[in-house]
Amino acid sequence: MAAATTIEKKKFMGPSDWNIYLLSGDKFENKVKLDLPPSFQIPNIGVAPIRVLGSAINGIICIYDHHGVPTTTVLWNPVTEEIIQIPLGHAEFIPEFTTQIFPHGFGYDHIGDDYKIIQHVDYTMVNENPLDDLEMEDVMMPDPFWEIYSLKSNSWRKIDFDMPMIYWIFNSVAYFNGTCHWLGETNKVVSFELCNEAYFITPSPLEEDTHDDQFEVNLTVLNESVAIITNCKNTTSFQVLVLGELCVKESWIKLFNIELFSCIEKPIGAGKKGNVFFTKEDGELACFDLTTGLIEEIGIQGGPFWCQIAIYKKNLRLIGDINV
């Protein structure tokens, strides 16, 4: 039986209160709270801070420990409860430096019949006091690099690219049709094709100074197009722009400029039927139907920044056997 379109949602209410729900039904009235993989359970504390990387693909969710060093990453099918732990990549962990691992995308390579993850590894000094320079003379900081994981080989390899990094981890990553997209530094959308491992850069239609605490920018997929949803904090309006062609700034089209009666805290993504999800001032998760103009309250509370949604379709096959 084909599964109904569902929404994955995560909320943060404290250091140990992280939840993922599967929601279904015309008004998302069916709610099932999922048990997170053991890798993210911390004894006597709760659940580690987690993020969902991009979208759910063929019943598979890629989740990672946002604050972990090294980062814990798994592929997870919530229906079958199958979990594949992703091995560590080529990052070095040296006491004199802080190693930072930034997952950027998860997706399916239909040519190679393979699931892939792309991430960036960078390093910063633990102590930036200039007086400590003499002590650091014999310690060379490693160079930053990109690397890509293949499920088929269960291994990572470095790739020699100079792509803009993601500028903000919250709702700035999307996946569609074999390509990972993220909002990069310098206000650009980076699109990485998994089958041929090539990337494209598209200038966004936003002003250079829009990356601040008062202006929300959300990258998502809406009606099979890459889209940006923007909202000024503490206002009741948001805008939806869709991309017509990669690398062409002029192909961005403002699809909607919408004014609502209740205050929006933050747009968090788009659904399969052309609707936009957001959190309200009181933390309530809500859905706005772009076609009917109606708002449905979901009945789940979420915290600032950490709420996510993803369209999920049940699949009972093993992760390694799932083909598009």
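This is a predicted model: local features need pLDDT of at least 70, side-chain atom pairs count only at pLDDT 80 or more; totals for chains, interfaces and linings use all residues.
**Figure 1. The protein chain as a whole is built with 26 strands and 0 helices.** The chain has 324 residues, and buried residues make up 53% of them. Among the contacts with a separation of 6 or more, 50% are between residues 24 or more positions apart. The accessible surface of the chain is about 15500 Å², and carbon and sulfur atoms account for 51% of this surface.

**Figure 2. The largest nonpolar core contains 30 residues.** The residues with the most contacts inside this core are L75, F106, I117, W182 and F192. Eight strands each supply at least two residues of this core: β7 (61–65), β10 (97–109), β11 (114–125), β12 (145–150), β13 (155–159), β14 (173–176), β15 (179–184) and β16 (188–193). What surrounds F106, leaving aside its neighbours within four places in sequence? Its contacts are L53, S55, I57, I60, C62, L75, Y115, K116, I117, Y175 and C180. Of the residues in that list, L75 and I117 are also named among those with the most contacts inside the largest core.

**Figure 3. Aromatic rings pair in several places, with a count of 8 pairs.** A pair of aromatic rings is described by the distance of the centres and the angle of the planes. For Y108 and Y115, the ring centres are 4.9 Å apart and the planes stand at 55 degrees, so this pair is tilted. Y108 and Y115 are both buried. Ring pairs also join F106 with Y108 and Y115 in a cluster. The rings of F161 and F192 have centres 5.9 Å apart and planes at 75 degrees, and the pair is therefore edge-to-face. Because F161 belongs to the loop between β13 and β14 while F192 belongs to strand β16, this pair ties together parts that are 31 residues apart in sequence. Are the two partners buried or partly exposed? F161 counts as partly exposed because its relative accessibility is 27%, whereas F192, at 0% relative accessibility, counts as buried. In another arrangement that involves a ring, K158 lies over the face of F145, at 4.4 Å from the ring centre.

**Figure 4. Salt bridges link D109, K116, R157 and E197 in a network.** Side chains of opposite charge can pair when their charged atoms come close. The structure holds 4 salt bridges. One of them joins the side chains of D109 and K116, with a distance of 3.1 Å from N to O. D109 has 4% relative accessibility and so counts as buried; K116, at 8% relative accessibility, counts as buried too. E197 lies in the loop between β16 and β17 (198–203), and R157 lies in strand β13, so the pair ties together parts that are 40 residues apart in sequence. With a relative accessible area of 15%, E197 is buried, whereas R157 is partly exposed, with a relative accessible area of 41%.

**Figure 5. A salt bridge joins the side chains of K280 and E297.** The distance from N to O is 2.4 Å. K280 lies in strand β23 (residues 275–280) and E297 in strand β25 (residues 295–301); the pair thus links distant parts of the chain, 17 residues apart.

**Figure 6. S237 is a buried residue in strand β20 (residues 237–243).** Its relative accessible area is 19%, and residues under 20% count as buried, which means that S237 falls within that class. Not counting residues up to four places away in sequence, S237 touches N231, C232, I258, E259 and I264.

Conventions
Residues are numbered from 1 along each chain as its sequence is written. Side-chain values use heavy atoms; hydrogens and water are left out. A nonpolar core is a set of buried Ala, Val, Leu, Ile, Met, Phe, Trp, Tyr and Cys residues joined through side-chain atoms within 4.5 Å. Buried means under 20% relative accessible area, exposed over 50%, partly exposed in between (1.4 Å probe, protein chains only). Helices (H or I, at least four residues) and strands (E, at least two) are DSSP runs, numbered from the N terminus. Contact means heavy atoms within 4.5 Å. Rings of Phe, Tyr and Trp (its six-membered ring) pair if their centres lie within 6.5 Å; planes under 30 degrees apart count as stacked, over 60 as edge-to-face and the rest as tilted. A charge sits over a ring if NZ of Lys or CZ of Arg is within 6 Å of the ring centre and within 35 degrees of the ring normal. Accessible areas come from the Shrake-Rupley method with a 1.4 Å probe; for residues, only the protein chains shown count as cover.
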